[in-house]
Amino acid sequence: MSLSASQPLPWDEIQQIPDPEARYIQMGRYVFAKDMDKGYGALNSIERDILHVYLLESEVNNGGFDQYFINSAGDHAVEALESLWRIGAPKALALLQQAIDAFEPALPSTDRAARNSQVMSLPEAMQDLWYELDQQFCTSTEPLWQLVLSYVESRQR
């Protein structure tokens, strides 16, 4: 999945895309662009859930949990747990929870610079754990894109 900077399709056009996986990718691009353009506060609750799952999946599949937490996607790691619960993704939720637990006794900071300091101070054993979690996440058969589409559809009725 790519976080392309090209202009996303309008929401009503996205809803008409026949290929469901392509529809999910376009939804992710749409909410990512809206977040970048108007800010996180401009997203409604459904859009935030889409964004959290889309960014988690994009970052972890591209560079692992380390990349997820180092980049701005990690600003909303705790909210991403809630999004995964809402869409019904127990496997991804458990993996993200384990990755977040590495920050104990604190939570990952919502401030990127502070969170990067947290990541840099983690013991090497936590980095090894993240590597194992990366492998489990990337090989999981849990269909996040399908779960997001079902969730969105159920909320738009």
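This is a predicted model: local features need pLDDT of at least 70, side-chain atom pairs count only at pLDDT 80 or more; totals for chains, interfaces and linings use all residues.
Rolling a probe the size of a water molecule over the atoms shows where empty space is left. My count came to one cavity of 30 Å³ or more. The largest cavity has a volume of about 40 Å³.

Which residues line the largest cavity? I noted Leu51, His52, Leu55, Tyr68, Ala73, His76 and Ala80. Helix α3 gives the most to this lining, with four residues.

**α3 against α7.** Next I looked up how α3 packs with another helix. Helix α3 covers residues 45-70 and helix α7 covers residues 124-139. Their axes come within 9 Å and cross at roughly 175°. Angles over 145 degrees count as roughly antiparallel, so that is what I wrote down for α3 and α7.

Who makes the contact between α3 and α7? From α3 I listed Leu56, Glu57, Val60, Asn61, Gly64, Phe65, Asp66 and Phe69. From α7 come Gln127, Trp130, Leu133, Asp134, Phe137 and Cys138. By class, this contact has eight nonpolar, three polar and three charged residues.

**Salt bridges.** I searched the whole structure and got three salt bridges. The one I followed up is Glu47 with Lys34, where the closest N and O atoms are 2.9 Å apart. Glu47 sits in helix α3 and Lys34 in helix α2 (residues 20-38), so this pair ties together parts that are 13 residues apart in sequence.

**Asp75.** How far is Asp75 from Lys34 in sequence and in space? They are 41 residues apart in sequence and 16 Å apart in space, going C-alpha to C-alpha. Leaving out residues up to four places away in sequence, Asp75 touches Thr110, Arg112 and Arg115.

**A cis peptide.** Last stop was the backbone. Most residues other than glycine have a negative phi, and most peptide bonds are trans. Here I found a cis peptide bond joining Glu104 and Pro105, with omega about 15°. Where is Pro105 placed? I found Pro105 in the loop between α5 (90-101) and α6 (112-120).

Terms used
Residues are numbered from 1 along each chain as its sequence is written. Side-chain values use heavy atoms; hydrogens and water are left out. Axes are lines fitted to C-alpha atoms, for helices over the stretch in contact, and angles run from 0 to 180 degrees between N-to-C directions. Helices (H or I, at least four residues) and strands (E, at least two) are DSSP runs, numbered from the N terminus. Angles under 35 degrees count as roughly parallel, over 145 as roughly antiparallel, 65 to 115 as roughly perpendicular and the rest as oblique. Contact means heavy atoms within 4.5 Å. Ala, Val, Leu, Ile, Met, Phe, Trp, Tyr, Cys and Pro count as nonpolar, Asp, Glu, Lys and Arg as charged, and the others, Gly among them, as polar. On a 1 Å grid over the protein atoms alone, a cavity is a set of points where a 1.4 Å probe fits but cannot get out, and a pocket is an open set with protein on both sides within 12 Å along at least five of seven lines; lining residues have an atom within 4 Å of a point. Grid points are joined across faces, edges and corners, and a volume is the space filled by probe spheres set on the points. A salt bridge is a side-chain nitrogen of Lys or Arg within 4 Å of a carboxyl oxygen of Asp or Glu.
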